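The following paragraphs lead through a single chain, from the confidence of its coordinates to its overall form and then to individual residues. Please keep the structure in view while reading.

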Amino acid sequence: MQTLLFLLITFLIVIFSVLLYFKNKHSRVDKLNSGECPTCGAKTKTFYDENSKTTFKSEVISARVLKNGGCSGVNDVEYRCKSCGLKEVYSQS
Ligand SMILES: [Zn+2]
């Protein structure tokens, strides 16, 4: 009976860690898409120039499509951080 209980608890812990991993991974992509680096926390900076009345944007994260999935609709997107040199690839639909 004790072994069964132990196995059940281990099973639950494994499921929770997997869920947590996916949630964590998802939030990294969200941050990268919004222009924020999940590693060093650098964000897209915006400057407003009073003289020319224009807003300048300094992007920290650059996204590049590596491979177009075509019919399947899945693209591999490479994100690079100019601030810390982070390089991560995610599949996006
Ligand atoms: Zn960074």
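Confidence in this predicted model is highest in helix α1, residues 2-33, where the mean pLDDT is 92. Strand β2, residues 54-58, has the lowest mean in the chain, at 87. Over the chain as a whole the mean pLDDT is 89, and 95% of the residues reach 70 or more. Where pLDDT is low, predicted coordinates should not be read in detail.

The chain contains one helix and five strands, and their order along the sequence is α-β-β-β-β-β. The chain is more spread out than a compact globule, because its radius of gyration is 20 Å, well over the 12 Å that the globule rule gives for 93 residues. Along the principal axes, the C-alpha atoms fill a box of roughly 75 × 35 × 20 Å. Of the contacts between residues at least 6 apart in sequence, 25% join residues at least 24 apart.

How many of the residues of α1 are buried? The number is one of the 32, so the helix lies largely in the open. In an α-helix there are 3.6 residues a turn, so residues three or four places apart point the same way. After α1 comes Gly35, with a positive phi near 85°.

A positive phi also occurs at Lys53, a residue other than glycine, where the angle is near 55°. Most residues other than glycine have a negative phi. Lys53 is located in the loop between β1, residues 45-49, and β2. Is this lysine, Lys53, buried or exposed? Lys53 is exposed, because 7 other C-beta atoms lie within 10 Å, and a residue counts as exposed if that number is 12 or fewer.

The last stop is strand β5, residues 87-92, which includes Glu88. With 17 C-beta neighbours inside 10 Å, Glu88 counts as partly exposed, since burial would require 20 or more. Glu88 can also be placed relative to Val77: the two are 11 residues apart in sequence, and their C-alpha atoms are 8.3 Å apart in space.

Methods: Residues numbered from 1 in each chain as written. Predicted model: local features only at pLDDT ≥ 70, side-chain atom pairs only at ≥ 80, totals over all residues. pLDDT = per-residue confidence, 0-100. Helix = DSSP H or I, 4+ residues; strand = E, 2+ residues; numbered from the N terminus. Rg over C-alpha atoms; globule rule 2.2 N^0.38 Å. Contact = placed C-beta atoms within 7 Å.
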